[in-house]
Structure formats: C-alpha cells, structure tokens
Amino acid sequence: SWALWSLLCRQRVFATAMRLLLRCLRLGRRRRCTLVRQAEQLWRYGHLCLRSLLYNSFTNGDVVLDSLFEPVYWLVDHVTRWFGVVFVALVIGLTSSVVAIVYICLLPLILQTYTPAWICWHLAYGHWNLIMIVFHYYMAITTSPGHPPQAKDDLTGVSICRKCIAPKPARTHHCSICNRCVLKMDHHCPWLNNCVGHYNHRYFFSFCLFMTMGCIYCSISGWEMFRDAYAAIEVSYSLGNSPLILFQTYYQTPPPTFSFRQRAFHKSVVYVWVLCSSVALALGALTLWHAALITRGETSIERHINKKERQRLQKKGKLFRNPYSYGSWDNWKVFLGVDVPRHWLTRVLLPSPHLPHGTGLSWDLPPCVAKQRTPLLSI
Ligand SMILES: [Zn+2]
Ligand SMILES: [Zn+2]
C-alpha cells in the first residue's frame, strides 16, 4: 500500500506540475499577445501623429524640395543680408573710381585734343548721365519699397501671409531677407541692400538703365584710348621680359620707355574700359529683361506665377489675361508716371521724385489709362 500511495502522490505532483506549466504557457501567450497589441497600437499612434504633422493637401515635389532646401535658404538669406552692405560699398567704390579716373586722367586729354563741339557733347552728356545715376541709386537705396499697414482693419487682403500672419494685398509678397511683406514686390536686390517694390521700382529700373547707358558711353568713347593703352602695356611687358634687352647694342632703336605716370595712365584706361564694358554687358542684359517685364505689366515674381497660371489655363483651353497689364505703351506710361507728354522730359529725362500711381494696396485703373479707355468701353 505504501508503494501505491507513493505512486498516487507522484502522479498528483506530476499533474500539478503539468497544470502549472500549462498555466504559465497560457499566461505567457496572453502576455505576448498584449505586448504585440501594445506595440501595434503604439506604431499606429506614431504613424497617425507623423501623418497628421506632415500631411498637407498641397504637398507636392516643390514643397518637399523647399523643405529640404530650407537650411540653404536660411544661410543664403543671412549671407545676403550681411553682403548687402558690402555690395553697396562695392557699387559706390567702383563707380567713384571710374569717375575719378575720368576726371583726373581723361578729362585733361579731352580738353586738350578734342574740338569744342566734342568737348561740349562729352561735358554735357557725361554730367547728365552721372547725375541720373547718382540720383536714382540714392533714391533706390533710401526709398522704402512700401509695406502693408500694421492696423489690420483698414485693409481687405486677398490672402494671408504665413510668416507675418497678416492680410496680404494683391501683388504683395513676403521678403525673407527683409522679414516683411513688400507691396508689389519685384525682388530683393543685394546691390541696393533693399527690396525693389511699389515705391522704388522706377528708381531701380532707371538706375539700371542709366548705369548701362553710362557704361556703354564710356566703352565707346574710350575704345581708341583703350586700344593705345593696351598696346603700350603689351610693348612694355614684352620688352621687360625679353632677353634681347640684355644684348642690345647702340645701333638698335631704343625701346619706348614709359614714365611711372604714363604707365599708371595706361593701366587706369584699361581698368576703366574693361570694367565698363563688362558691366554694360551684364547690367544691359538685366535691364532688357526688366524692360520686357515692364512692357508686359509683370513683376519678376508675377512672371513665374503668371507662367504657371497660363499653362494651367491653357490645358483647360482658356486664355490667361494679366489683370495688371494695360497694354505695352500704357504699362510704360504708368510705370514711369507719365500723365502728360511734358512728363517725358520732366519725369523721365530729368531727376524726379514723383510717387507712383496708387497706394500699392489696391489696384484700380490708373487715371491716365482710364481716361483713354472710357470712350473705347462706351462704344
Ligand atoms: Zn509677410
Ligand atoms: Zn527684401
């Protein structure tokens, strides 16, 4: 009976052990199930969080690229803000150096060798062009391009600026370098260290135009002097480097020797000509581009927007019409502020601080255009 009892005991112990083992296994499975479920929940929550943070119905390739390039933009903005001062100093320094060389080196030569008629032309044209450049550059850097008013009630904006959290009138754009919204923004110009907008667009364009004209004038009228000076520099260099000079005899013609003053004169002439002709090419291209934009009644920013809009409407078979264009000729008159024919002289060919049409907040038809349009519309 002892053997039977011990067998029963062992069986009970075995059964209990098995039951314990089974319970453990079941518990483990349950725990594993909860762990998996929790991880799954966490993953779903994280995924939803990420999607809700990043999701945007306007997301496309451009937005993704913009986001990736955000640090680059930030760097460029900061560098441009700092470089603005350097660029303005560069413009003033280079222009002053050219003017100084013309006055010190070239003007005495012109007065000595040219006929009175040519002397009058050079004196009159040169000074008029210089005054126009200085006036328009000064006005372009000191005139504010115009910003939307801070009081939000007196403004019916067409959109909201994401950065300023303020209404944005038509044609207004946010400048990330100035960190402000700019009325009828064209672009931020590092050479002016200022934004080009509603109130200084004309000054900017006139400066580009007169600077290009001045550079072309210097390049054309200085061409012969440049050729002679360049030849003289070449001769003195080739003589200086040539070994022949060591074996020179009395019977050879002596090489032309230039004094320090003459060499400085030659180098100055070459410097002025090279600088003026390269600026004339680069700035001339920019001026032509802006002239084309003004003819179309667009700003540089609107050019991109209108191009996209034109393509979008073209796909639908519709025609895009720029609401701020009044026709090529009228666009120029509105841009330059020419209301009556005499303004071509007083407002375009002479320095004039007149304000542009409108406030830059709303875009009604300018009076000079409206006057001409009324009879056409009534027909
Ligand atoms: Zn803004
Ligand atoms: Zn700006």
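Hi everyone, let's start with one residue: leucine 106, which sits in helix α2. Before going on, please keep in mind that this is a predicted model.

Is leucine 106 buried or exposed? Leucine 106 has 20 other C-beta atoms within 10 Å, and 20 or more is what counts as buried, so leucine 106 is buried. Along the sequence, 119 residues separate leucine 106 from methionine 225, yet in space their C-alpha atoms are 9.2 Å apart.

Let me zoom out for a moment. The protein has 379 residues, and 20% of them are buried. Its secondary structure comes to 10 helices and 6 strands. If you take the contacts between residues at least 6 apart in sequence, 63% of them join residues at least 24 apart.

Now for the helix packing, and I have two pairs to show you. As a reminder, two packed helices are described by the angle between their axes and the distance between the axes.

Let's stay with α2 to begin with. Helix α2 covers residues 61-113, and helix α6 covers residues 260-296. Their axes come within 10 Å and cross at roughly 135 degrees, so α2 and α6 are oblique to each other. The crossing is left-handed. Which residues of α2 and α6 meet? From α2 we have Leu94, Val98, Ile101, Val102 and Cys105, and across from them in α6 are Phe265, Ser268, Val269, Val272, Leu275 and Cys276. Sorted by class, this contact holds 10 nonpolar residues, 1 polar and no charged ones.

On to the second pair, α3 and α4. Here we have residues 116-142 for α3 and residues 201-221 for α4, with axes that come within 8 Å and cross at roughly 150 degrees. That angle is over 145, so these two helices are roughly antiparallel to each other. Once again, handedness: α3 passes α4 in a left-handed crossing.

If you'd like to follow the contact in the structure, on the α3 side look for Tyr125, Asn129, Met132, Ile133, His136, Tyr137, Met139 and Ala140. On the α4 side, the residues are Tyr203, Phe204, Ser206, Phe207, Phe210, Met211, Met213, Gly214 and Tyr217. How many nonpolar, polar and charged residues does the contact of α3 with α4 have? There are 13 nonpolar and 4 polar residues, and no charged ones.

Conventions: Residues numbered from 1 in each chain as written. Chains lettered and ligands numbered in written order. Predicted model: local features only at pLDDT ≥ 70, side-chain atom pairs only at ≥ 80, totals over all residues. Axes fitted to C-alpha atoms, helices over the stretch in contact; angles between N-to-C directions. Helix = DSSP H or I, 4+ residues; strand = E, 2+ residues; numbered from the N terminus. Parallel < 35°, antiparallel > 145°, perpendicular 65-115°, else oblique. Left-handed = near helix turned anticlockwise from the far one by under 90°. Contact = placed C-beta atoms within 7 Å. Nonpolar A, V, L, I, M, F, W, Y, C, P; charged D, E, K, R; others polar. Buried ≥ 20, exposed ≤ 12 C-beta atoms within 10 Å, placed from the backbone.
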